[in-house]
Amino acid sequence: VSAGRTAILARIAAALAAPTDPHVRGAAHEAGAGAGAEGFRAFLPPVGEGAAERMRLFAEQAAALRVDLHAVADGEARDRLLRRLAGELGWRTVASHEGALTGEACASLGLPVVLAAPGYDRDALERCDVGITACEALIAQTGSVLVTSRSSGGRALTCLPPHHVVLARADQLLPDLTAGYALLRAAYGGDWPTFIGLITGPSRTGDIERILVLGAHGPKRLTVIVQAW
Amino acid sequence: MSSTAREFHRAAGSVAADTGQRAFMRKALGGYEKTRAATEARFTDWQAARTAAAGIKWDALEDLHALIQRFAANLERRGVKVCWAEDAEQARAYILEVVRRHGAKRIVKSKCMTSEEIHLNELLEREGFSVIESDLGEYIVQLREEPPYHFVFPSMHLTRGQIDRLFVEKHGCASNDDPEALTMEARRVLRRSYLDADIGFTGANFGVAETGMISITENEGNARLTTALPRVHIALMGIEKIIPSLDDLALLLPMLATAGAGQALTCYNSLYAGPRGPDEPDGPEEVHVVLLDNQRTTLLADPEQRDALRCIRCGACLNVCPIFKNIGGHSYGTTYQGPIGSVITPHLRGLKDWKHLSNASSLCGACTATCPVRIDLHHHLLRNRRNAAASASLAERAIYAGFAAVMRRPWLYRAATRAGRLLSWLARPLAGTVLDPLRAWRRTRTLPEPAATSFKDYWRDRAAGKRR
């Protein structure tokens with residue numbers, strides 16, 4: 001146990017020994033505590049009931065975020081769409097990871113694939129035109145894609161290539177972040193992936209005169225393909 | 001007056017006189033206010049959300065002793081090395097030791113205000129390491145060798161033309177002042193730094209005690225690459241960043257995004273739970289989390305103002321502050337600018353040198369009304385003023401005592417107002433000159449002329465029937 005730890009803990013305990021001035025504390029603070037994850041839903045932007053309403057909201061948010069959203073009937077339609085994108089955008093090398101959805105998609109593309117597996121070549125990944133990954137879930141409230149290092153090929157694959165294509169199924173659409181955290185808790189419990197990412201639109205910046213520019217450091221383009229809409 | 005106060009007066013006066021700069025700032029912040037209002041309006045109940053967010057951070061502070069231990073224990077269980085730094089010196093020494101032990105040459109950093117607080121870049125550069133700020137705004141101010149202007153929008157004071165000239169000078173690239181082209185130029189230059197760096201350095205927006213994770217919020221993806229590619233990750237965070245549970249983020253992340261930049265959610269909200277797992281393709285081999293006190297416990301010990309530690313550094317109080325809009329971010333001379341900086345800096349760095357910041361306020365309360373975690377900001381400025389008065393200089397106290405003596409005695413008050421009228425007439429030629437005791441005010445303004453008759457005299461004459 002370090003000296004710093006002992007000293008800081010002692011200082012925290014001593015600091016909190018003096019109760020907070022009731023005038024400052026106020027009733028608002030006490031009312032706020034304990035709303036809990038379910039309670040937050042009463043304040044946050046509303047999410048309608050039913051799959052169709054959630055899809056509508058996700059599509060609305062995705063459009064505002066400049067996400068290319070595609071709904072496809074099945075795996076065959078998904079692969080046709082990917083081949084069309086590959087031709088239009090001139091993909092030469094794709095990056096991806098092992099998995100059912102990504103495996104089928106990459107096989108159908110017939111392009112060289114850099115797989116994000118332990119020991120992969122980072123420079124090769126950087127040179128890829130696109131990263132194709134699966135996801136944990138889609139979030140209707142915010143138009144976000146929830147990924148983890150386990151579902152989506154680690155950390156860099158979803159951020160390093162200039163274009164990120166997310167393959168999802170319609171049943172992965174969740175209403176809000178609370179539902180997303182519940183899903184992760186159920187899937188991983190105490191054995192957490194070391195990276196959990198919420199991706200809300202393509203990389204962006206407003207650091208120059210507050211003017212929106214996409215693709216600051218991460219992908220300039222984010223495509224979400226939802227199967228069985 | 002302390003040297004910090006003198007410098008503040010000089011810098012603030014100079015920006016306030018620069019109408020071009022002020023118009024530029026008003027335009028940028030006007031855009032913020034519009035998008036923010038629209039995003040806020042999507043909430044079912046924004047005010048209740050503020051109350052709940054304040055409640056989460058409040059409970060976290062009151063339970064900090066237990067939560068911070070749970071946070072550290074959960075991190076350590078997953079192999080993260082935790083450093084408890086009492087002050088800036090200890091944090092710097094620890095970080096320097098880690099960097100040296102790895103034989104590192106290059107360090108890539110994502111935006112971290114706490115590292116500005118401990119002046120980390122200066123130290124690492126002095127020791128011969130290459131340090132690159134990867135957030136676009138931070139990168140720009142680093143190239144200009146100046147501190148961030150705003151702790152969320154570091155380069156908001158610069159025009160595209162200034163940034164273009166900077167890139168032409170530093171990169172030797174062709175001139176193009178289109179924001180898109182400038183961003184792509186920075187992207188091109190910074191890309192290599194993620195792949196080449198030995199150490200990735202970040203801050204943290206929240207520390208989740210329940211799961212032992214740090215949460216980082218950003219728009220550009222630079223923090224994501226900083227934590228994905230280098231083999232060592234060092235994160236520096238203030239001890240007040242701890243929150244109890246993962247679920248709390250479902251409220252805090254949308255609120256941070258809305259208050260900070262009018263976004264429903266910031267582009268990347270990432271949770272990091274330790275070094276790369278055996279089945280994971282990438283991520284750092286070693287992760288260090290440095291918990292920094294640096295006088296935060298001094299603020300925690302103040303039963304009146306400890307709620308200022310609820311701050312989630314969204315920057316909303318700066319964006320709405322009439323003082324910030326008129327004097328700009330650099331005038332403050334602090335790591336944290338604007339109302340929150342004026343409130344906490346006297347606690348973190350001493351009241352004597354920083355009390356003047358609490359006087360630079362119109363007390364309009366826009367900061368308090370906008371704060372997503374309901375910090376009582378403008379009242380804290382008043383409390384700082386009260387605390388400062390107790391340690392005022394002899395001259396200042398003599399002025400207050402004289403003022404009180406006059407105000408308590410009607411005859412003296414009458415005499416003083418008559419003398420004031422006479423003196424004001426006599427001193428008219430001095431107005432605004434170096435001999436004018438009210439020069440600071442009158443240099444740029446005209447003081448109203450005292451009325452020929454005081455209200456008391458007027459009322460007495462009226463009662464006596466001399467006037468109507």
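This is a predicted model: local features need pLDDT of at least 70, side-chain atom pairs count only at pLDDT 80 or more; totals for chains, interfaces and linings use all residues.

Biologist: How many residues does helix α5 of chain A have, and how far does it reach?
Modeller: It covers residues 75-89, so to speak 15 residues. First C-alpha to last is 21 Å, close to the 21 Å expected at 1.5 Å a residue.

Biologist: And what comes just after α5(A)?
Modeller: Gly90(A), with a positive phi of about 70 degrees.

Biologist: Switching to the interface. How many residues of chain B are in contact with chain A?
Modeller: 104 residues of chain B, touching 86 residues of chain A.

Biologist: What area is buried between chain B and chain A?
Modeller: About 8200 Å². Carbon and sulfur atoms give 59% of that.

Biologist: How many salt bridges does the rule find across the interface of chain B and chain A?
Modeller: 10 salt bridges. Asp279(B) forms one with Arg150(A), and their closest N and O atoms are 3.8 Å apart.

Biologist: Which classes of residue does chain B put on the side that touches chain A?
Modeller: 52 nonpolar, 24 polar and 28 charged residues.

Biologist: Last one: how many residue pairs are in polar contact across that interface?
Modeller: The rule finds 47 between chain B and chain A, with both residues at pLDDT 80 or more.

Key:
Residues are numbered from 1 along each chain as its sequence is written. Chains are lettered from A and ligands numbered from 1 in the order in which they are written. Side-chain values use heavy atoms; hydrogens and water are left out. Helices (H or I, at least four residues) and strands (E, at least two) are DSSP runs, numbered from the N terminus. The expected span of a helix is 1.5 Å times one less than its number of residues. Contact means heavy atoms within 4.5 Å. Buried area is the accessible area (1.4 Å probe) that two parts lose on being put together, summed over both. A salt bridge is a side-chain nitrogen of Lys or Arg within 4 Å of a carboxyl oxygen of Asp or Glu. A polar contact is a pair of N or O atoms within 3.5 Å; within protein, one must be able to donate a hydrogen and the other to accept it, and residues adjacent in sequence count only if both atoms are side-chain atoms. Ala, Val, Leu, Ile, Met, Phe, Trp, Tyr, Cys and Pro count as nonpolar, Asp, Glu, Lys and Arg as charged, and the others, Gly among them, as polar.
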